[in-house]
Amino acid sequence: MSVLRSMFKSFPTLLLAFALAVTVWISAVTDADPIEERIFPNPIPVELIGLDEGLEIIGTPPTQVQVTLSAPKSVWERLLGEQDAIIATLDMSEVTPGTETIAVNVAVNVQPSEVVSYSPRDFTVTVESIIDRTFSIRLIRRGEPGIGFQVETPVMSHQVVTVSGPEQLVNQVQEVRAILDIDEAEVEISRNIKLQAIDANEALINGVEIDPEQVKVTMDVVQRGGYRNLVVKVGVYGEIAN
């Protein structure tokens, strides 16, 4: 019993000694490898994860965040030297069509370290459903063939295409055009023409996909009756002056 009483009496002293020893150790470690709080010099790219294949972000998605970290000096050397030491993600798995504000998640793969702050902490994104519609191709001819020539009926490799993309953009499409330049044509035309999605104001719509994106147009160019190609020979007479 006397031994137990002696231990209980000395326990507070032992506990104080242990706390002092830990404090001294922490102080020594901190002096040798001080903790530094600073802004990570390079912005961290934001990775979008979990977005459903049937959805698409409208506009410019978030790109990067600036992160402030607290870490020992030796850890900072590793943070600056290792690729993907800090990862920023935007979880889109629960997003539905519409506009939502989503928090950015920042994770540090090098320890010990602590994320003090980062900016911006969230992004507002607008998401829409992906839809597709079918359109007939409208061929527009520009220019006139060479003098004495005429063009025959054009032949396209296909007549119909599928336009897909965000619902808002696809619904703006009024027609799909192929523009064929026949100016001064004198021989058969055979070209692959990139298709364009046009809205009601005659403006080009970007952000949608056209499948296939090109159409091959073939058109015969023939000479009119009463016309004939001749070679012009120029006769030179006399002598030039001294």
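These are my notebook entries on a predicted model of one protein chain.

**Ground rules**

I number residues from 1 along each chain as its sequence is written, and my side-chain values use heavy atoms, with hydrogens and water left out. Because the model is predicted, local features need pLDDT of at least 70 and side-chain atom pairs count only at pLDDT 80 or more, while totals for chains, interfaces and linings use all residues.

**Entry 1: the whole chain**

I began with the secondary structure. The chain has three helices and 17 strands. Helices (H or I, at least four residues) and strands (E, at least two) are DSSP runs, numbered from the N terminus.

Next I looked up burial. Of the 242 residues, 29% are buried. Buried means under 20% relative accessible area, exposed over 50%, and partly exposed in between, with a 1.4 Å probe and protein chains only.

Then I checked contacts, meaning heavy atoms within 4.5 Å. I took contacts between residues at least 6 apart in sequence; 71% of these join residues at least 24 apart.

**Entry 2**

I followed strand β6 (residues 98–108) to its partners. Strand β5 (residues 86–91) pairs with β6 in the antiparallel sense, over five bridges. Two strands pair if DSSP finds at least two bridges between them. Ile 87 has Ala 107 in β6 as its bridge partner. I found six residues between β5 and β6, and the two form a hairpin.

β6 also pairs with strand β8 (residues 122–142), again antiparallel, over six bridges. Here Ile 102 has Phe 123 in β8 as its bridge partner.

A reminder to myself: strands of a sheet pair through backbone hydrogen bonds, either parallel or antiparallel.

**Entry 3: a three-stranded sheet**

I traced an open sheet with the order β10-β16-β13 and antiparallel pairing. Which strands stand at the edges? They are β10 (155–156) and β13 (189–194); each has a single partner strand, so one side of each is left without a neighbour in the sheet. Two bridges join β10 to strand β16 (residues 214–219). Val 155 stands opposite Thr 218 in β16.

**Entry 4: rings**

I searched for aromatic pairs. Rings of Phe, Tyr and Trp (its six-membered ring) pair if their centres lie within 6.5 Å; planes under 30 degrees apart count as stacked, over 60 as edge-to-face and the rest as tilted. I got one pair by this rule. The rings of Phe 40 and Trp 76 have centres 6.4 Å apart and planes at 20°, so they are stacked. Phe 40 lies in the loop between β1 (35–39) and β2 (44–49) and Trp 76 in helix α2 (residues 73–81), so the pair ties together parts 36 residues apart in sequence. Both Phe 40 and Trp 76 are buried.

I also looked for charges over rings (NZ of Lys or CZ of Arg within 6 Å of the ring centre and within 35 degrees of the ring normal). The charged end of Arg 38 sits over the ring of Trp 76, 4.2 Å from its centre. The charged end of Arg 121 sits over the ring of Tyr 118, also 4.2 Å from the centre.

**Entry 5: Arg 177**

Is Arg 177 buried or exposed? Arg 177 counts as buried because its relative accessibility is 9%. Arg 177 lies in strand β12 (residues 175–181). I then listed polar contacts: pairs of N or O atoms within 3.5 Å, where, within protein, one must be able to donate a hydrogen and the other to accept it, and residues adjacent in sequence count only if both atoms are side-chain atoms. The side chain of Arg 177 makes one with the side chain of Glu 175 (2.2 Å). It makes another with the side chain of Glu 202 (2.4 Å). Not counting residues up to four places away in sequence, Arg 177 touches several residues, including Arg 138, Ile 140 and Leu 195.
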